[in-house]
Amino acid sequence: MTDSLLDSLHSAVPELRLKTDAGDLEHYGRDWTRRWTPNPLAIALPGSVEEVQAVMRWASEHAVKVVPSGGRTGLSGGAVAANGELVLSLERLNKPLSFDRVDRTLTVQAGMPLEAVHNAAREEGLEYPVDFAARGSCSIGGNIATNAGGIRVIRYGNTREWIAGLKVVTADGELLDLNRALVKNSSGYDIRQLMIGSEGTLGIVVEATLRLTDPPPPTNVMLLALTSFEALMEVFAAFRERLQLEAFEFFTDIALKHVLAHGAVKPFDEVHPYYVVTEFATGDEAKEAAAMAAFEACMEAGWVADGVISQSDAQAQQLWRLREGITESLAPHVPYKNDVSVRISRMPAFLEETQKLLGEAYPQFEVVWFGHIGDGNLHINVLKPADMAQADFVRDCEQVTKLLAQALKAHEGSISAEHGIGLVKKNYLDSTRGPAEIALMRGIRQAMDPAGLLNPGKLFDA
Ligand SMILES: Cc1cc2nc3c(=O)[nH]c(=O)nc-3n(C[C@H](O)[C@H](O)[C@H](O)COP(=O)(O)OP(=O)(O)OC[C@H]3O[C@@H](n4cnc5c(N)ncnc54)[C@H](O)[C@@H]3O)c2cc1C
């Protein structure tokens, strides 16, 4: 069956690059979650938009399910192919296509890594400001499909804000040219925006036109040691009031322990329970004085016990590594990840409730907290004890996620702030979206992919 299907694909798209070795199936069939056993039919690596269209026409004709695949750095199982799907990797479509100085837009193929997008924008003297630690391996197409956030959302917003236009191949192989980079376009439904965050369930992004912005101002990076969890939102308010924040990120002593074990440089002699890395605009005396004023106010209030400010780019990078290295340092422990958000105004009450809940619920596990606190986004990673079976660990964690989902519902938050629902959180979608809204989402998916070919089982069961 597999052979005859692949023969027919080969006949339909003769130049298509296909991979079927066991190692490739394993490599392309999973993402960073590592929870599901990969089992794809094959890996298709189209070299042009026309080939993507031809693959989808073939998939439509033969009722073959397709998993769109970027860098597979996803943390929600969105790019997992565990049920005989064809993986459609955008990896070979990885080039910049055009830059428009008047429109200040950069058009790129969807498989281009985020870091390469940054570099291409900087070559033109401009900035693509969405940024996070997976920049070297995630793709812009994956960023769009998950509406990725990252460390600069507090200043620049999510991926959604930066997408001027998209080219998308539909389930039946049509090519949609969405919004064509127009600034104003009041001509009906904005399908471009619908595609953003759709997790590969509505179409395959093949090209994106990105808005660029001015290069960031000169900045300084400060690491703060906090005395208590309660101090966190106070320190955030004190800094936000006085400074133009580019980033405000939080992590705990347990997170620090893991990054240090991974080779980062120890910042303070003493251990403190909580830390913040913040980056803010500097460049003149007034801004530097404002930064010192914020720091001193927090010290006087007893919220901050210690601090260090970067004196060079190398030191700024060292401080950033303490935050950005966390996800990678935890990966060997196969963490169970929660990626939740509430409105910033709700954060103090939500933090208090969640800390109590997790303290009671997880006495037996190591729990690592970190996150983009300035966006109301918290990452709570529970680490699997080495001697515990994966299935037992996930079952225990899911019990707590149910409680967390209830707390989120009460605080009008989201069970997925920026990683997507994928497979990991689909049982909890109704904590964030109402029944009528989920019914509409189903209807949209049905309209755009009536045969249910695109990323089946992800986000919700069709
Ligand atoms: C160290 C580390 C740090 C991270 N930090 C952050 C962070 O700060 N903020 C954040 O938001 N995320 C973060 N992530 C998660 C991840 O990098 C993002 O979700 C990223 O956007 C995924 O991109 P990708 O190309 O790897 O997508 P993949 O993992 O390949 O796919 C993700 C989803 O998008 C779909 N998809 C991929 N390409 C396409 C396409 N061309 N068309 C349609 N659908 C497509 C897939 O089917 C899947 O559902 C981090 C991950 C790691 C490993």
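In this predicted model, helices α8 and α10 run roughly antiparallel to each other, because their axes cross at roughly 160 degrees and angles over 145 degrees count as roughly antiparallel. The two helices, α8 spanning residues 231-242 and α10 spanning residues 285-300, have axes that come within 9 Å, and α8 passes α10 in a right-handed crossing. On the side of α8 the contact is formed by V235, A238, F239 and R242, while α10 contributes A290, A293, A294, F295, A297 and C298.

A second pair of helices can be read in the same terms, since two packed helices are described by the angle between their axes and the distance between the axes. Helix α13 covers residues 347-361 and helix α14 covers residues 390-410, and their axes, which come within 11 Å, cross at roughly 165 degrees. That angle makes α13 roughly antiparallel to α14, and α13 passes α14 in a right-handed crossing. Where these helices meet, F350, E353, T354, L357, L358 and A361 belong to α13, and V400, L403, L404, A407 and L408 belong to α14. The contact of α13 with α14 divides into nine nonpolar residues, one polar residue and one charged residue.

For P68, a backbone N or O atom lies 2.6 Å from an oxygen atom of the ligand. For G71, a backbone N or O atom is found 2.8 Å from an oxygen atom of the ligand, and for G74, likewise, a backbone N or O atom lies 2.8 Å from an oxygen atom of the ligand.

Notes:
Residues numbered from 1 in each chain as written. Predicted model: local features only at pLDDT ≥ 70, side-chain atom pairs only at ≥ 80, totals over all residues. Heavy atoms only, no water. Axes fitted to C-alpha atoms, helices over the stretch in contact; angles between N-to-C directions. Helix = DSSP H or I, 4+ residues; strand = E, 2+ residues; numbered from the N terminus. Parallel < 35°, antiparallel > 145°, perpendicular 65-115°, else oblique. Left-handed = near helix turned anticlockwise from the far one by under 90°. Contact = heavy atoms within 4.5 Å. Polar contact = N/O pair within 3.5 Å; in protein donor to acceptor, adjacent residues only side chain to side chain. Nonpolar A, V, L, I, M, F, W, Y, C, P; charged D, E, K, R; others polar.
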